[in-house]
Amino acid sequence: MKKIALTGCPNVGKSVIFSRLTGVNVISSNYPGTTVDFTKGTTTIGGEKFELIDVPGTYSLEATSKAEEVARTMLQEGDIVINVVDATHLERNLYLTLETLEMKKPTVVALNLWDDTKHLGIDIDAAKLETLLGVPVVPTCAITGEGIKELASKAHSAEPSKTIELMSEKARWLKVGEIIRDVQVVHHRHHTVGERIADATVKPMTGIPIAILVILFMFLFIIKIGNAIIEYLMDPIFCNYYGPWIVGVVNSFAPSGLLHDILIGTSTVEALDFEQSLGILTTGLYVPFGMVLPFIITFYFMLSVLEDLGYLPRLAILVDTGLHKLGLHGSAIVPTILGCGCNVPGALATRILETKKQRFIAMTLMAISVPCMAQSAMIFAILGRYGLKWIFIVYSTLLVLYILLGLLLKRIVKGESPELLLEIPPYRKPDPVTLLKKTWSKAYEFLAEAVPFVILGIFIVNLLYIFGAVDVLSMVFSPILTTLLGLPEGAIVALMLGVLRKDIAIGMLLPLGMSPQQLTIACIILSTYFPCIATFFVMLHELGVKYMLEATGLMIVVSFSAGMIMRVILIGIS
Amino acid sequence: MRDVNPDGRGVPLTTLLPGERAQIVALGHGSGRQHHFRTMGLMEGKIVKLIATQPARGPFVIDVEGTQIAIGRGMARRILIRKL
């Protein structure tokens, strides 16, 4: 099978073209660097099957950075190249185009975002560009699908350029300037109202209040809508329909005994208990579907809106100064926000940071202080019933830890913390269909991951109780838990499950009958002491064994110190 | 206020005020970074406009031919400009 390599600068819409050609849904966002790993798919053009490779976006193939090296190698694998160019920034995109053409592969150029050039007052003579480059140039609009068919058919019959020869870096820039003078006319335009509003979001006087409002709105949206989904959809389904039905079914073949207890735990038709019954078909399904999923949906919907709008890079600018004090820079806000959804993609997204020092700090702070949405949902659920105050205490403690540890790590970790250099994409209107698709794919990913692990977790807990292991473990760990932290011995079960998944671990706190103070301390410890197993392995892979050991040691020390300090502080709060 | 050095090499980008425009005269960075800047559209002869500066020595937001770039102050200082 012949290979087509899809290349282009960051944020030109390569991934959208990839989706159009292959029908595979690729996650795209309105900020550079969404495609960290390459993606492959297949497409059929003129009856022939091709493998399509989505190469991560780079500005050149000079191999001055890891990303450029990867791009160059992947490009060499392609038999045919589709070079995607942002027509609204032709000049800076052409450098990569020339470098690509110099490789003498059959090539087609896609002039993407073509429709945007018109209202930006940019006139491009595509026919002339085609003559100068010596390869087909196809205007496209990937979002609407315009030009994609033509692009595919031209790619099928593409040939290497006869007009572009190998040249030096300097000559290439001169050539770019020459081509631009020949094919592009930019008409002068006045600043539009939209651009004025866009600028207001990066000016500190207006930008900071806007950022606070955006984050507040996001937070309220996630909580309020999430709670509404639980109250009006999930709870009625579980309590009125699913619950009585499943208890009836299980009772019909296992009215009591081991199997009954593992399947539905202590639930009966009269006393349905989804939170504490510890059955894999009651608690095991209620935790992921009834307690966490609603918040996963609202979180990822809101995140997708911010991503596609292009707001995150602006937020990065506003928080840059603050994050420098923690040894990071503004871009670290992106992995941190992703980490609020799930720490795994958050840890992977730290690749956008330049140095090992920044990446170590960003990942360690995230593992300690950024609870994922599944964990947050459970914290809202079990602490919310005692009042918002307790939720506020948990998150304030995590924020204080984030700042104190950042200040400390900046000083003790060796290495560089470079300055921010970030291209800010134009604001784009999010497409409702794309938003729903992204939200759905995240919800699906969550369920595929969470349901088996939560059920496994509950199964393990049942075994631990049945074989009396809980009593032994409780006794062994009671000096730490009871004496130092003031928690019931049974909390050891939650700490053990927390390694597997944090959501079900917090759920394990419920049957212990703790006071709100104890629950608050337990939630802080569960958030900080160790990442879940999935995050642990991603961090291990990204950081290496030595750094991961250091990070883990820090987590344990910080977690138990914070727990003991909070125990003292919370004596004064009731 | 002196806008151009006597030798005509220009002044640092950091002397611009929000809303002011200038032409880039030289990039005073290592060759790797210069190359990176050029691929982002920052190169000699281009017109830049300062959109915003962040407080407490935070980054600058500049506009180069319709592309906005956030750049740390240390890096911005080594871009030499001639005010327009």
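Me: Why is Ile525(A) called buried?

Reply: In this predicted model, Ile525(A) has a relative accessibility of 2%, and because buried means under 20% relative accessible area, the residue counts as buried. Ile525(A) is placed in helix α22 (residues 516-528) of chain A.

Me: Which residues does Ile525(A) contact, leaving aside its neighbours within four places in sequence?

Reply: With those neighbours set aside, Ile525(A) is in contact with Leu485(A), Leu495(A), Ser559(A), Phe560(A) and Gly563(A), where contact requires heavy atoms within 4.5 Å. For Phe560(A), which is 35 residues away from Ile525(A) along the chain, the C-alpha atoms of the two are separated by 6.8 Å.

Me: What makes the pair Glu91(A) and Lys46(B) a salt bridge?

Reply: The side chains of Glu91(A) and Lys46(B) meet at 2.7 Å, N to O, and the cut-off is within 4 Å for a side-chain nitrogen of Lys or Arg and a carboxyl oxygen of Asp or Glu, so the pair qualifies as a salt bridge. Side chains of opposite charge can pair when their charged atoms come close.

Me: What does the pair Glu307(A) and Lys438(A) tie together?

Reply: Glu307(A) lies in helix α11 (residues 283-309) of chain A and Lys438(A) in helix α18 (residues 432-466) of chain A, so the pair ties together parts that are 131 residues apart in sequence. The side chains meet in a salt bridge at 2.9 Å, N to O, and both Glu307(A) and Lys438(A) are buried.

Me: How do you know that Lys442(A) and Glu445(A) form a salt bridge, and what separates them along helix α18 of chain A?

Reply: The closest N and O atoms of Lys442(A) and Glu445(A) are 3.9 Å apart, and because the limit is within 4 Å, the pair counts as a salt bridge. Being three residues apart in helix α18 of chain A, Lys442(A) and Glu445(A) are separated by about one helical turn. Lys442(A), at 23% relative accessibility, counts as partly exposed, and so does Glu445(A), at 47%, since the range for that label lies between 20% and 50%. Elsewhere, salt bridges that share partners join Glu62(A), Glu99(A), Glu102(A) and Arg172(A) into one network.

Me: What makes up the contact between chain B and chain A?

Reply: The contact takes 30 residues from chain B and 24 residues from chain A. The two chains bury about 2,400 Å² between them, with 59% of it on carbon and sulfur atoms. Of the area that chain B buries against chain A, His35(B), Thr39(B) and Gln68(B) supply 25%, more than any other three residues. The rule also finds 14 residue pairs in polar contact across this interface, both residues being at pLDDT 80 or more. On the side of chain B that touches chain A, the elements giving two or more residues are α1 (31-39), β3 (47-53), β5 (67-71) and α2 (73-77) of chain B, and the residues there divide into 13 nonpolar, twelve polar and five charged.

Me: How do you know that strand β9 of chain A pairs with β5(B)?

Reply: Strand β9 (residues 421-424) of chain A and β5(B) are joined over four bridges, in the antiparallel sense, and because pairing asks for at least two bridges, the two strands count as paired. Within this pairing, Leu422(A) stands opposite Ala70(B) in β5(B).

Me: What sets the phi of Leu278(A) and of Ala56(B) apart for residues that are not glycine?

Reply: Most residues other than glycine have a negative phi. Leu278(A) has a positive phi of about 60°, and Ala56(B) has a positive phi of about 55°. Leu278(A) is found in the loop between α10 (258-264) and α11 of chain A, and Ala56(B) in the loop between β3 and β4 (60-64) of chain B.

Me: Buried or exposed: which label does each of Leu278(A) and Ala56(B) receive?

Reply: Leu278(A) has a relative accessible area of 13%, which is under 20%, and therefore counts as buried. Ala56(B), at 57% relative accessibility, is over 50% and therefore counts as exposed.

Methods
Residues numbered from 1 in each chain as written. Chains lettered and ligands numbered in written order. Predicted model: local features only at pLDDT ≥ 70, side-chain atom pairs only at ≥ 80, totals over all residues. Heavy atoms only, no water. Buried area = accessible area lost by both parts, 1.4 Å probe. Polar contact = N/O pair within 3.5 Å; in protein donor to acceptor, adjacent residues only side chain to side chain. Nonpolar A, V, L, I, M, F, W, Y, C, P; charged D, E, K, R; others polar. Buried < 20%, exposed > 50% of the residue type's maximum accessible area, 1.4 Å probe, protein only.
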